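Here are my notes on the ligand site. Please read them alongside the model.

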Amino acid sequence: MADTVQYWVRNFVDGAYTEPNETSGYDNIDPATGATLGRVHAADTALVDRAVTSARRALTSWAKTPVAERAALLRRAADRIEERFEEFVAAEVADTGKPITQARLLDVRRAPQNFRSFADIVAAAGQESFITETGDGRRALNYAVRKPLGVVAVIVPWNLPLLLLTWKVAPALACGNAVVVKPSEETPSTATLLAEVLAEVGLPAGVFNVVHGCGGVGEFLTRHAGIDGVTFTGSSATGTRVMSAVAPRVRPVSFELGGKNAAVVFEDADLDETLDGLARSVFTNTGQVCLCTERVYVHRDIFDEIANGLIARASALTLGRPTDDATTTGPLISQAHRDKVLRYFELAEREGAELLVGGGVPDLGAELNGGFWIEPTLWTGLTNDATTVREEIFGPVAALIPFSDENEAIGLANDTDYGLAASVWTNDLRRGHRVAQAMNVGMSWVNTWFLRDLRSPFGGMGLSGLGREGGASSLHFYTDPTNVCVQL
Ligand code: 6OD
């Protein structure tokens, strides 16, 4: 990848790519090698302003476009993404360093699914209505007309760039909104490609805009008077900044933020199935999924078996060139992120962790050693008091902690400021339901992890977020109701 031709990733505003300005770009770095892939055109405030203005202009007619037409466009977008599937895969792999098999099976696969699902969901959506009897003889019909929220700022992270972008853009467009998208500065390419696809399938100019840049671009965008709402996936710290940016104008936000997700493993769990699921939940995307497990609570009776099984699975992961089919595990996204994860590795040692596997930087040879690689890592010996068990690390690492009974397990799992996801592993059906329901999280899985139905509510509690997206929850966030009351 180091010899990739230099290219510019451009902004997309009012239906066209803008010309790059040599003075306002930054390098797009390949996380697998550390090499420069190309240059990204950073938007200045004038360009962000133009993006918002064009979105406001386009909103007027897009909001009035019949739902069936909007849904048909979403379906055409899904078809076109599938036609250009390998281009999206290549762009996602280059930006993130993730294994190509994962980009195909998880990331890019979800993009057409997101468009088709929200085409179906919006087409089938009904409206609530009530016949009101006031008690003094009057009757009325109450119904709500749901209107698009308006111009929505869509701010998405670098871990699952296209998946998360389309998860938000599909319902936003389906509901008749116009969007200004700010992808992470680390992963600009698939958003830029999506702009082209949406134009190809006939989305009117200005309905979908992309502006690139670092935090300052996001800050300017979210404070902009022309923005009617913000949907954001990323860190809890950035979420609080977005919240204060929109506070003076009282605009709605939808946040999916960090997690410190627990897995609870009971003594009656199916060992192989559980170990495969746990390993997937800890190491997928090199631990860089907000849903990844970083705390594994294991019943004492099977603690050693689970620890040994996880060590074996961690050791069997293949770190290597992201474009090789055999690679299971890519690098972290950046040098800065690896430095952060390594600081947690050092801290864990000071906090008394016993290292079961990993704990450092692997030697992958000259071609890859400039990349941001890290070893899949497991610890025991830590307790819930440890900072490494309380703070989100966002790397391929988990702490294994024993428990003796169900109540203790629930207490330990819920002892956190976060509340995004949990998984429960047991063959006792009633216990599975009971414990999954007791988890103070947005998503609680039993004997599985990250199994998605796009109609379900998705989001987090506590530091993990605000609001829910998915199915009807997305329709609620991306619309604003006007209730009409007609006396009969
Ligand atoms: O699957 C999804 O729809 C979703 N929002 C996943 C989020 C992953 C966060 O890293």
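1. How far does a polar side-chain atom of Arg-110 lie from an oxygen atom of the ligand? The distance is 2.8 Å. Bear in mind that this is a predicted model.

2. Arg-452 also reaches a ligand oxygen. One of its polar side-chain atoms lies 2.7 Å from an oxygen atom of the ligand. Glu-256 faces another element: a polar side-chain atom of Glu-256 lies 3.3 Å from a ligand nitrogen.

3. Cover is complete. On its own, the ligand has 300 Å² of accessible area, and the protein covers 100% of this. The ligand sits in the largest cavity.

4. The shell splits by residue class into eight nonpolar, one polar and three charged. Among the residues around the ligand are Leu-160, Val-289, Cys-290, Phe-450 and Phe-458.

5. Which helix gives the largest share of the shell? Helix α5, residues 161–174, supplies three residues.

Definitions and conventions. Residues numbered from 1 in each chain as written. Predicted model: local features only at pLDDT ≥ 70, side-chain atom pairs only at ≥ 80, totals over all residues. Heavy atoms only, no water. Near = heavy atom within 4 Å. Polar contact = N/O pair within 3.5 Å; in protein donor to acceptor, adjacent residues only side chain to side chain. Areas by Shrake-Rupley, 256 points an atom, 1.4 Å probe, with all protein chains shown as cover. 1 Å grid on protein atoms, 1.4 Å probe; cavity = no way out; pocket = protein on both sides within 12 Å on 5 of 7 lines; lining within 4 Å. Sits in = over half its atoms within 2 Å of the grid points. Helix = DSSP H or I, 4+ residues; strand = E, 2+ residues; numbered from the N terminus. Nonpolar A, V, L, I, M, F, W, Y, C, P; charged D, E, K, R; others polar.
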